[in-house]
Amino acid sequence: MEALGKRKVLVVGASSGLGRATAIALQRLGAHVAFAARRRDVLEAAVEEAGGGHVVVIDTLDPSSIEHGVAEAAEVLGGLDGIVYTSGMSPMAPMAELTQEDWQAVFGVNTFGPNLVIKAALPHLSEDAVVAAVSSDSSSMPRHSLVPYAASKRALEATMDGWRTEMLGTRRFVTVILGPTMPTEFANSFTPEAFEAAIPHWQRQGFRTGIMQGDEVAHGLVSCMAALFAAPTFGIESLLLRSPEPEVANEFSTDIEQQ
């Protein structure tokens, strides 16, 4: 992991779940990390746990907050060698019940947010920078009551293809396709009634039930980033991270991260 030493990385979504675990792992392995999300107090606790790092408040639904937050991260770190975008959200409801505001919020965080972060970071990115955005293994087969989530993540995957098409040179843009992972705050807003109603549909669709642990996923993701930093001509375009299916299927619960 020597290639991570003194690398300057912005992690968006660093207040919880995979984002927090990844930011902490990067910091402990010698990178200089900006921990970014909306809640300053939670970020400060993560920085304390990591033993270092910088707190940057970014609201991914606010373009102005993104611009100012990315600029602040680049200033305190002295540039940017990497970005990891893990933020994700969705209401749990059938499509027939969704409002325009629901759709706008989901695409705002999951699709517009990462692209606006990347755009704001371009003037600050090193020539061998690594930019990773987390999608979902449900993007190609939407889960009942989580269709906007899958749609927004599928759009994110297309835009990451777009960055690879338009950005020539040695900057790498990595789409991380994530299977169910815990712990997480993703499902905090789901009502027990909505969750119970969706589970039979998920079982009917035959979704896998293997669950990864966030710390283990973060270690794997950080290892891949180290390999990319060590070899500027080496690229990873799409990285599927998913647990082997257990012999006895896990029961779905609101602790599963649908990133």
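Let me begin with a term: a nonpolar core is a set of buried Ala, Val, Leu, Ile, Met, Phe, Trp, Tyr and Cys residues joined through side-chain atoms within 4.5 Å, where buried means under 20% relative accessible area, exposed over 50% and partly exposed in between, with a 1.4 Å probe and protein chains only. What we have here is a predicted model, in which local features need pLDDT of at least 70 and side-chain atom pairs count only at pLDDT 80 or more, while totals for chains, interfaces and linings use all residues. Residues are numbered from 1 along each chain as its sequence is written, and side-chain values use heavy atoms, with hydrogens and water left out.

I will start with the sheet. Seven strands make up an open sheet with parallel pairing, in the order β3-β2-β1-β4-β5-β6-β9; strands (E, at least two residues) and helices (H or I, at least four) are DSSP runs numbered from the N terminus, and two strands pair if DSSP finds at least two bridges between them. At the edges are β3 (54-57) and β9 (238-241), each of which pairs on one side only. From one strand to the next, the twist averages 20 degrees.

Let us look inside the sheet, at β4 (residues 80-85), which runs parallel to β1 and is joined to β1 by four bridges. Leu10 has Ile83 of β4 as its bridge partner, and Val9 has Gly82 of β4. With β5, β4 pairs in the parallel sense over five bridges, and here Ile83 stands opposite Val131 of β5. Because six of the six residues of β4 are buried, β4 is largely enclosed by the rest of the structure.

Is Val12 buried or exposed? At 1% relative accessibility, Val12 counts as buried. Leaving out residues up to four places away in sequence, Val12 touches Ala36, Thr60, Val84, Tyr85, Thr86, Ser87 and Val117, contact meaning heavy atoms within 4.5 Å. Val84 is 72 residues from Val12 in sequence, yet the two are 6.2 Å apart in space, C-alpha to C-alpha.

Leu26, apart from its neighbours within four places in sequence, is in contact with Leu4, Val9, Val11, Ala31, Val33 and Val222.

Finally, the helices. How do α1 and α7 pack? Their axes are 8 Å apart, at an angle of about 55 degrees, the axes being lines fitted to C-alpha atoms, for helices over the stretch in contact, and the angles running from 0 to 180 degrees between N-to-C directions. The contact involves Leu18, Ala21, Thr22, Ala25 and Leu26 of α1, and Gly214, Asp215, Val217, Ala218, Leu221 and Val222 of α7. α1 also packs with α2, at an angle of about 35 degrees and with the axes 9 Å apart; here the residues in contact include Arg20 and Ile24 of α1 and Val42 and Ala45 of α2. As for helix and sheet, α3 (residues 63-77) lies across β1, β2 (32-37), β3 and β4, and runs at about 165 degrees to β3.
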